[in-house]
Structures are given as C-alpha cells and as structure tokens.
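Dear colleague,

Please find below the structure that I am handing over to you, followed by an account of what was found in it. I would ask you to keep the sequence and the structure in view while reading.

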Amino acid sequence: MSDDRGSIAGDGLRRQPVLGVDAVGTAVVIRLGGELDLYNAAQVRSALADAHAQTPERIVVDLGEVEFIDSTALGVLIEIRAKLNNRDGLLLAAPGLETRRALEVSGLDKLFVVRDSVQDALGAQV
C-alpha cells in the first residue's frame with residue numbers, strides 16, 4: 001500500500017490547517033486552509049500562540065484558502081484576540097464566501113477587523 005499524501009478523497013487524510021507562517025515587517029501572517037474545526041483547532045491554536053509569543057504589532061490570519069470554519073475554530077480566534085494588548089492587532093484577511101458567512105452569522109465580523117486581502121490587513125491602522 002503506497003503512502004499517497006497528496007490524495008485527500010477516499011483515504012481519510014485531511015489537509016493541514018496551517019499552510020505557512022511568515023514575518024512581514026512588524027507583523028506575523030498565518031496562512032490557514034482547508035477545513036478548520038474541532039479536529040485541528042489545537043494546531044491553529046498553537047500557531048496563533050507561537051505568533052503571539054513573538055509580540056508582533058499585528059497578527060494577520062489569511063483565510064483565503066479556508067473552505068470551512070466551525071464554532072471551535074472561531075473560538076480559537078476569539079481566545080487569541082483576548083490575549084492581545086491591542087485586540088485590533090488581530091486581523092482576518094481574505095475570507096471566502098463560506099468563511100465570511102460564518103463570521104457574519106456569528107456576529108464576529110463586528111468583533112474582528114476583517115480585510116479583503118492580506119495586503120489590506122498589513123496596511124490597516126491598528
């Protein structure tokens with residue numbers, strides 16, 4: 001039996017939620033993707049905690065490749081925001097239609113600074 005890590009359908013393998021973490025000036029950009037839910041919330045929490053430990057001016061969470069986000073993953077975002085001295089320093093960028101809908105339905109679009117792109121989030125006043 002071969003180990004085909006590229007295959008997602010049919011073998012139960014899931015895409016990793018944290019696709020990348022990059023320092024950009026005084027910011028940390030965390031790129032997330034796939035399905036964010038109970039099963040991988042700990043990985044997202046860990047990446048956000050690591051970013052917070054670097055005490056950046058802002059943390060930008062790139063949601064451009066997120067296909068689904070549940071209440072557990074939204075809770076992780078709320079947790080890290082609560083730990084920041086400047087709560088507007090956590091910005092959400094590039095949410096797709098489904099992710100934006102989840103933010104709106106939960107009312108979190110009013111709590112978080114949400115920008116259409118990572119560049120917009122990097123340039124926003126915090």
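I begin with the largest cavity, to whose lining α2 makes the largest share of the contribution, with 4 residues. Please note that the model is a predicted one. The elements that each supply two or more residues to this lining are α1 and α2. The lining residues are Arg45, Leu48, Ala49, Val76, Glu79, Ile80 and Lys83. Sorted by class, 4 of the lining residues are nonpolar and 3 are charged, while no polar residue takes part. The volume of the largest cavity is about 40 Å³, and the count of cavities of 30 Å³ or more comes to 1.

I turn next to the nonpolar cores. The largest of them has 27 residues, and Leu48 and Val61 have the most contacts inside it. Two or more residues of this core come from each of β2 (27-36), α1 (41-53), β3 (58-69), α2 (71-83), β4 (90-93) and α3 (97-106).

Leu48 deserves a separate word, as a residue named both in the cavity lining and in the largest core. Which residues is leucine 48 in contact with, leaving aside its neighbours within four places in sequence? They are Ile30, Ile59, Val61, Val76, Leu77 and Ile80. Among these contacts, Val76 and Ile80 also line the largest cavity.

With kind regards

Conventions. Residues are numbered from 1 along each chain as its sequence is written. This is a predicted model: local features need pLDDT of at least 70, side-chain atom pairs count only at pLDDT 80 or more; totals for chains, interfaces and linings use all residues. Side-chain values use heavy atoms; hydrogens and water are left out. A nonpolar core is a set of buried Ala, Val, Leu, Ile, Met, Phe, Trp, Tyr and Cys residues joined through side-chain atoms within 4.5 Å. Buried means under 20% relative accessible area, exposed over 50%, partly exposed in between (1.4 Å probe, protein chains only). Contact means heavy atoms within 4.5 Å. On a 1 Å grid over the protein atoms alone, a cavity is a set of points where a 1.4 Å probe fits but cannot get out, and a pocket is an open set with protein on both sides within 12 Å along at least five of seven lines; lining residues have an atom within 4 Å of a point. Grid points are joined across faces, edges and corners, and a volume is the space filled by probe spheres set on the points. Ala, Val, Leu, Ile, Met, Phe, Trp, Tyr, Cys and Pro count as nonpolar, Asp, Glu, Lys and Arg as charged, and the others, Gly among them, as polar.
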